[in-house]
Amino acid sequence: MELHAALVERWLRDYLCAFGFELHPLQVGWYNTVLQPSFHLAYPDSTLAFVVLSTPSMFDKAFKPFVSKQLLLKRIRDPVDQCISHHLSLVKEHFPDEKVHIIYDYEMLPNRKPKFLAQTAAHVSGAAYYYQRKDVKCDPWGEKKIYGVCIHPQYGGWFAIRAILIFPEIQVPFLEQYAPIDCVTTEEKRIQLLEKFNFHWQDWSYRDIIEVKERYSEEQKTYFATPPAERFKLLGLQGGIQRNAFY
Ligand code: B12
C-alpha cells in the first residue's frame, strides 16, 4: 500500500479500534465486480475504501460513554446510529484536506435499495465470510426466500457492519486482497446457519455457529431485544421515536 494510504489506515485503525470498531481496507473494484451495475459504487476500481464493523466491545467502549454524554445534552434520537455517526464524523474532521465519503448501513436510495451492500463489502474486504443460499449444494428451502449472513472468524455473528468509508482521491492499485476465512465449512453447518438466521434470528443462536472469542453482554442483548420505543427507558430517557438499528 502506498505510504499515504498506509498512514490513513494507521490513523483510522488507532482511532476506531479504541472504541470497539474494526476496519478492513478494500478497492471499490473488488466490490463492484461481484455486483450487478445497479449496486455499483461510482468510483474508479482502485479507489481506497474501508468497511467498518462494530464488535461486541463497541457497546461499552463507544455506546455507553456516548449516551451518558448526550443524555446531559438531551439531544438523542437514534442512540446507536448517532454514536456511530459521531465517531465517523470525527474521522472526517481529522482529514480536512481529504475527501471522505461515508455510507451507513441503513442508507437507502430513492428506489429503496440499500446504498451499499454491507455483507458483500465485508466479504470482499476479507472481514467476514458471506454465506449465501448458493453456498449450499443440496438446498432444502424450495420457494422460500433465504437471506445470507456473514460470519466473522472471531466474533461469529456477534458484530454488525456499520459503514463504508470511501477515499475518492486515494488510489491503491497494489492493495492486496485477502479472502475471508471460511469458518462454516460443512454443508450441514451452513444449512443450520441459514435456518437459524432466517427463521430463529431472535434467539441469537446463529451468532454462535462457531466458537467465539467474545459475544454481546447480557446488558447489550437486553438493550437490543427491547423494542426501540422502550429503549429510552433503559437509558434513563423520557421517550421519543427511535429507529430499530441493526445489531
Ligand atoms: C434490508 C435489510 C433487511 C431486510 C431484508 C433482508 C435482506 N437481506 O434483504 C429485513 C428487514 C428482513 C432484515 C432483517 C434482518 N437483518 Co438485515 N439488513 C438489510 C440491509 C439494510 C440491506 C440488505 C439488502 O437489501 N440486500 C440486497 C440483496 C439483494 O443483497 P444480497 O441478497 O446480498 O444479493 C447480492 C449478493 O448476492 C451479491 N453477489 C452476487 N454474487 C456474489 C458473490 C460473492 C462472492 C459476494 C460476496 C456477493 C455476491 O449480488 C447480489 C445483488 O445483486 C442490510 C444492511 C446493508 N446496507 O447491506 C442489513 C443486514 C443484512 N441485516 C442484518 C441483520 C443482523 C438482520 C436481522 C438479524 C435483524 C437485526 N437484528 O438486526 C434480521 C435477520 C433476517 C431475518 N430473518 O429477518 C445484518 C447482517 C449481519 C451479518 N452478520 O450478515 C446487516 C448486514 C446489517 C448490519 N448493519 O450488520 N434485514
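Visitor: In what order do the four strands of the open sheet stand, and what is the pairing?

Guide: Two strands pair if DSSP finds at least two bridges between them. Strands here are DSSP runs of E, at least two residues long; helices are runs of H or I, at least four; both are numbered from the N terminus. In this predicted model, the open sheet has four strands in the order β1-β2-β6-β3, and the pairing is antiparallel. β1 (21–27) and β3 (101–104) stand at the edges with a single partner strand each, so one side of each has no neighbour in the sheet. From one strand to the next, the twist averages 20 degrees.

Visitor: What should I know about numbering and confidence?

Guide: Residues are numbered from 1 along each chain as its sequence is written. The model is predicted: local features need pLDDT of at least 70, side-chain atom pairs count only at pLDDT 80 or more, and totals for chains, interfaces and linings use all residues.

Visitor: How many bridges join β1 to β2?

Guide: Seven bridges join β1 to β2 (residues 47–54). Glu 22 has Leu 53 in β2 as its bridge partner. Next, β2 and β6 pair over eight bridges, again antiparallel. There, Ala 49 stands opposite Ile 166 in β6. β3 and β6 pair over four antiparallel bridges, with Ile 102 opposite Leu 165 in β6.

Visitor: Which strands does helix α1 lie across?

Guide: Angles are taken between N-to-C directions and run from 0 to 180 degrees; the axes are lines fitted to C-alpha atoms, for helices over the stretch in contact. Contact means C-beta atoms, placed from the backbone, within 7 Å. Helix α1 (residues 3–17) lies across β1, β2 and β6, at about 160 degrees to β1. Helix α4 (residues 79–94) lies across β3 and β6, at about 15 degrees to β6.

Visitor: How many helices and strands does the protein have?

Guide: Eight helices and six strands. Along the sequence the pattern reads α-β-α-β-α-α-β-α-β-β-β-α-α-α.

Visitor: What does the radius of gyration say about the protein?

Guide: The radius is taken over C-alpha atoms, and the globule rule is 2.2 Å times the number of residues to the power 0.38. For 247 residues, a compact globule would be near 18 Å; the protein has 18 Å, which agrees. The C-alpha trace spans about 50 × 45 × 40 Å along its principal axes. Of the contacts between residues at least 6 apart in sequence, 72% join residues at least 24 apart.

Visitor: Is Ser 54 buried or exposed?

Guide: A residue is buried if 20 or more other C-beta atoms, placed from the backbone, lie within 10 Å of its own, exposed if 12 or fewer, and partly exposed in between. Ser 54 lies in strand β2. It counts as buried because it has 28 C-beta neighbours inside 10 Å. Beyond neighbours within four places in sequence, Ser 54 contacts Gly 20, Phe 21, Phe 159, Ala 160 and Arg 162. Across the protein, buried residues make up 33% of the 247.

Visitor: Which residues of the ligand shell are closest?

Guide: Near a molecule means a C-beta atom, placed from the backbone, within 6 Å of it. By that test 27 residues surround the ligand; the closest are Ala 118, His 123, Cys 150, Ala 160 and Phe 246. α5 (118–124), β5 (149–151), β6 (160–171) and α6 (187–199) each supply at least two shell residues. The largest share, five residues, comes from α5.

Methods. Two residues are in contact if their C-beta atoms, placed from the backbone, lie within 7 Å.
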